[in-house]
Amino acid sequence: MQRKTAQDFDQELLILFDAYVHGTLDRRGFLEKAQKFAVGGVTATMLLGALSPNFALGQQVTPTDPRIVTETLSFPSPNGYGTVKGYMARPANATGPLPAILVVHENRGLNPHIEDIARRLALDNFVAFAPDALTPLGGYPGDEQKAVALFAQLDQTKTAEDFVAAANFLKARPEVVGKIGVVGFCYGGGVAHMLSTRLPDLGAAVPFYGNQPAASAASQVKAPLLLHFAAVDERINASWPAYEAALKAAAVRYTAYQYPGTQHGFNNDTTPRYDAAAAKLAWERTLAFFNQNLRG
């Protein structure tokens, strides 16, 4: 199947899609505004379909890959929604406990793409655990539009506590040794930032184009940060200068990269916003960062 890229779409349409994905524009609103780009027999509905995730296109590691072991686990979250489920992946040939990475999804819950990210990390000799914030609403529904609608119903105060509980659960697992790290994408990038302010023993945090906390929270960050930004992402990038200044004032160890020509979501290889070169570089940097801070 031929993969479309961001260059196949008008930039205004990509911005509309970003607004739709993040809930500031509903489906009807997107279709109405996208109508002007529907030419040559292409409908607005077809444009939405072309921009939406194709999970088969982005799968790098199959769920049955013999090199890894996967399972679904439940963990207690007494300050959140009570009990939450997550997807764990680890190397099949592990001879002892390993460093672990908490993988935090976008604002659609634990979809097949995030499960694939966890499996990729397992192949790189980490224990990876990806919680599903939609657990209290029945879990990821298998449909992205339904997932976005469900996500809007979550009490984000409780959901934040679910991710804190997930980190503590992961660190205590017998398969895990030493400090844990966190990587998150979009909404999950914001969660990675949040955890860096909540967990003083966090080993490393890697937000991909995630909302930053208030500048006043920077002094609570003890973990080293690796931040990835898209070039065309005004919604996320606007708040970075103030937060960066606060990180510097608090003497937080951080490295930030912005990838030229990229869109928000450039690491997600299930959508046309994916940028193969930028994603490869960002992921190589991410693995090196985790290896440096979580091993030994």
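In what follows, a residue is called buried when its relative accessible area is under 20%, exposed when that area is over 50%, and partly exposed in between, as computed with a 1.4 Å probe on protein chains only. The structure is a predicted model, in which local features need pLDDT of at least 70 and side-chain atom pairs count only at pLDDT 80 or more, whereas totals for chains, interfaces and linings use all residues. Residues are numbered from 1 along each chain as its sequence is written, and side-chain values use heavy atoms, with hydrogens and water left out. Helices (H or I, at least four residues) and strands (E, at least two) are DSSP runs numbered from the N terminus.

Most residues other than glycine have a negative phi. Asn125, by contrast, has a positive phi near 70°; Asn125 is placed in the loop between α5 and β4 (127–131) and, with a relative accessibility of 34%, counts as partly exposed. Tyr209 likewise has a positive phi, of about 35°, and is found in the loop between β6 (204–208) and β7 (225–232), where Tyr209 is buried at a relative accessible area of 1%.

Helix α10 itself (residues 240–249) has Trp240, Tyr243, Ala246 and Leu247 as buried residues. These cover an arc of only 125° around the axis, the arc being that of the directions from the helix axis to the C-beta atoms, which puts them on the same side of α10. Pro241, Lys248 and Ala249 are exposed on the other side of the helix. The buried residues of α10 pack against α8, β7, α9 (234–237) and β8 (254–263), contact here meaning heavy atoms within 4.5 Å.

In helix α6 (residues 144–151), the buried residues are Glu144, Ala147, Leu150 and Phe151. Seen down the axis of α6, these residues fall within an arc of 120°, so they line one face of the helix. They pack against α4 (55–58), α7 (156–172) and α8 (187–198). At the start of α6, a side-chain oxygen of Asp143 reaches to within 3.0 Å of the backbone nitrogen of Gln145.

Phe151 is also one of the residues in contact with Glu106, together with Asn111, Phe185, Cys186, Tyr187, Gly188 and Asn268, when neighbours of Glu106 within four places in sequence are left aside. Glu106 lies in the loop between β3 (98–104) and α5 (112–123) and is buried, with a relative accessible area of 6%. Its side chain makes a polar contact with the side chain of Asn268 at 3.3 Å, a polar contact being a pair of N or O atoms within 3.5 Å of which, within protein, one must be able to donate a hydrogen and the other to accept it, and for which residues adjacent in sequence count only if both atoms are side-chain atoms.

Helix α1 (residues 11–21) and helix α3 (residues 44–51) pack at an angle of about 75°, with their axes 11 Å apart; axes are lines fitted to C-alpha atoms, for helices over the stretch in contact, and angles run from 0 to 180 degrees between N-to-C directions. The two helices α1 and α3 are therefore roughly perpendicular to each other, a description applied to angles of 65 to 115 degrees. Leu13, Leu14, Phe17 and Tyr20 of α1 make the contact with Leu47, Leu48 and Leu51 of α3.

Definitions and conventions. Angles under 35 degrees count as roughly parallel, over 145 as roughly antiparallel, 65 to 115 as roughly perpendicular and the rest as oblique.
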